[in-house]
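User: I would like to learn how to read a few features of a protein structure, one after another. Could you show me the structure and begin with the terms for how covered a residue is?

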Amino acid sequence: MPDSAGLPAEGPVVAVAIYAGISELELGAMVTVCRLCGGEGVTRTVNRSRASIVTAGGLVMTPQVLYAALPEVCALLLPGGPGAARAARDPLLRAFLSSHAALPTGASGSGLLLAGEGGLLRGREVGGPPELEDTLWAHEPASLHPGEVRRSGPLTSAPGGVGALQAALAVAGTLWGENAARDAAYRLGL
């Protein structure tokens, strides 16, 4: 049976927060991992409105569903991009993230700014991009490990770019099992 966005609602639904200036590489990597592990239609791109956005590379995309209309989700993915700092200031996004803080979450690159504003970094060991180290301290992590992938509680944090694959694989392993995640990593050449 379809959900409110007209998409299949069977099995786990993974919310992928998107925003103007998102990295297509990180978004594509995360969605691909979920598709390999859970099949078509397991991800939903979410935003405050259904208005089309422009990605970092100039692609135009439309979010699939609003935060308020999202069916029950079992995980979050937060890809980075040059627009993340601005998106992190959105009060609706912060509220959405903080209300789902206990879910398995993968954040990569500047997507960690979204996680930080949503309170997801507080008290956690956090990996991520070295260039954000000073900024991420403001979100009260227990420790920072620039250039590394770190799993701490439900959060997996990673540097940007290809690090998005590692963050998504950690979430996929939690949802669909480590064998599915290993198979996806193998199929992606990791």
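Analyst: A residue is called buried under 20% relative accessible area, exposed over 50%, and partly exposed in between, with a 1.4 Å probe and protein chains only. This is a predicted model, in which local features need pLDDT of at least 70 and side-chain atom pairs count only at pLDDT 80 or more, while totals for chains, interfaces and linings use all residues. Residues are numbered from 1 along each chain as its sequence is written, and side-chain values use heavy atoms, with hydrogens and water left out.

User: Is Arg48 buried, exposed or partly exposed?

Analyst: Arg48 has a relative accessible area of 42%, so it is partly exposed.

User: Which residue does the side chain of Arg48 meet in a salt bridge?

Analyst: A salt bridge is a side-chain nitrogen of Lys or Arg within 4 Å of a carboxyl oxygen of Asp or Glu. Here the partner of Arg48 is Asp90, at 2.8 Å from N to O. The two are 42 residues apart, with Asp90 in the loop between α2 and α3 and Arg48 in the loop between β2 and β3; these names follow DSSP runs, where helices (H or I) have at least four residues and strands (E) at least two, numbered from the N terminus. Asp90, at 12%, is buried.

User: How many salt bridges are found in the whole structure?

Analyst: The search finds six. Among them is the bridge of Glu125 with Arg150, whose closest N and O atoms are 2.8 Å apart. Because Glu125 lies in strand β8 and Arg150 in strand β10, this pair ties together parts that are 25 residues apart in sequence. Glu125 and Arg150 also belong, with Glu148, to a network of salt bridges.

User: How is a pair of aromatic rings described?

Analyst: One gives the distance of the centres and the angle of the planes. Rings of Phe, Tyr and Trp (its six-membered ring) pair if their centres lie within 6.5 Å, and planes under 30 degrees apart count as stacked, over 60 as edge-to-face and the rest as tilted. By this rule there is one aromatic pair. Tyr67 and Phe96 form it, stacked, with 5.0 Å from centre to centre and 25° between the planes. Tyr67 is buried at 12% relative accessibility, and Phe96 is buried at 6%.

User: What is the order of the strands in the open sheet?

Analyst: Two strands pair if DSSP finds at least two bridges between them. The seven strands run in the order β5-β2-β1-β6-β7-β11-β10, with mixed pairing. β5 and β10 stand at the edges with a single partner strand each, so one side of each is left without a neighbour in the sheet.
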